[in-house]
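Please open the structure in the viewer and keep the sequence beside it.

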Amino acid sequence: MKDNNSNQKQSSQEDLVHRWTANETVEAIQNVSKNIREYSSKMRETMKTLRESGAIPEMADAIREASFAVRDTVNDINETTKELKRKGAVVETASAIENTLKFAEASAATVKEIATDAGKASPHTTKAIHDGVDIVKKKTSHVTGKVIKDLKNKVGAK
């Protein structure tokens, strides 16, 4: 088994190393030279065609116009974020959401107290109300957290 592996390695190494004769080497160099000449000629023809067609100036104009559009868009975004900051819209929105969350939590606590009182009167109703309160608290907290995160990302992006 060991001899077979070494024979395979030696055979694959021999395949990778091809010993060229002097004539094969000269022929390979001549082929490379011929290819270089052909590609150089094709490159000259292509550049001449591009220059004569007006494609290069057209491409340059398109790039210039695109850069102006990007500049103007960034400027508009900058002005809009400054205006939002000046008006306090983002901060006021975040504050309103925070207050809404506090009121929702207070309401949930009140409903939980009601459920506890109702549980004493009807034990089957208690579980349903507690489950409902838990769902409302989770959903309210989740949605408020997402909105606050989005607002912070928008404020941080300016």
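The stops below begin with the model as a whole and then turn to its helices and side chains.

This is a predicted model, in which local features need pLDDT of at least 70 and side-chain atom pairs count only at pLDDT 80 or more, while totals for chains, interfaces and linings use all residues. Residues are numbered from 1 along each chain as its sequence is written, and side-chain values use heavy atoms, with hydrogens and water left out.

**The whole chain.** Colour the protein chain by pLDDT, the predictor's confidence in each residue, from 0 to 100. The chain averages 81, and 82% of the residues score at least 70. Helices here are DSSP runs (H or I, at least four residues), numbered from the N terminus. Where pLDDT is low, the predicted coordinates should not be read in detail.

**Helix H2.** Select residues 22-53, the 32 residues of helix H2. Next, select glycine 54, which follows H2 and has a positive phi, near 85°.

**A nonpolar patch.** Show Met43, Met47, Leu50 and Ile56, which form a nonpolar patch on the surface with about 350 Å² of accessible area together. Such a patch joins nonpolar side chains (Val, Leu, Ile, Met, Phe, Trp, Tyr) within 5 Å, from residues with over 30% relative accessible area and no salt bridge. Areas come from the Shrake-Rupley method with a 1.4 Å probe, only the protein chains shown counting as cover. H2 gives the most to the patch, with three residues.

**Salt bridges.** A salt bridge is a side-chain nitrogen of Lys or Arg within 4 Å of a carboxyl oxygen of Asp or Glu. How many salt bridges are there by this rule? The count comes to three.

- Select aspartate 61 and arginine 64, whose side chains meet at 3.5 Å, N to O; both lie in helix H3, three residues apart, about one turn of the helix.
- Select arginine 71 and aspartate 72, which meet at 3.1 Å, N to O.
- Select lysine 87 and glutamate 83, with their closest N and O atoms 3.3 Å apart; both lie in H3, four residues apart.

**Helix H4.** Finally, select serine 95, found in helix H4 (residues 89-121). Serine 95 and isoleucine 148 are 53 residues apart in sequence and 9.4 Å apart in space, C-alpha to C-alpha.

Definitions and conventions: Helix = DSSP H or I, 4+ residues; strand = E, 2+ residues; numbered from the N terminus. Expected span 1.5 Å × (residues − 1). Patch = residues over 30% accessible without salt bridge, like charges linked within 9 Å, V, L, I, M, F, W, Y side chains within 5 Å.
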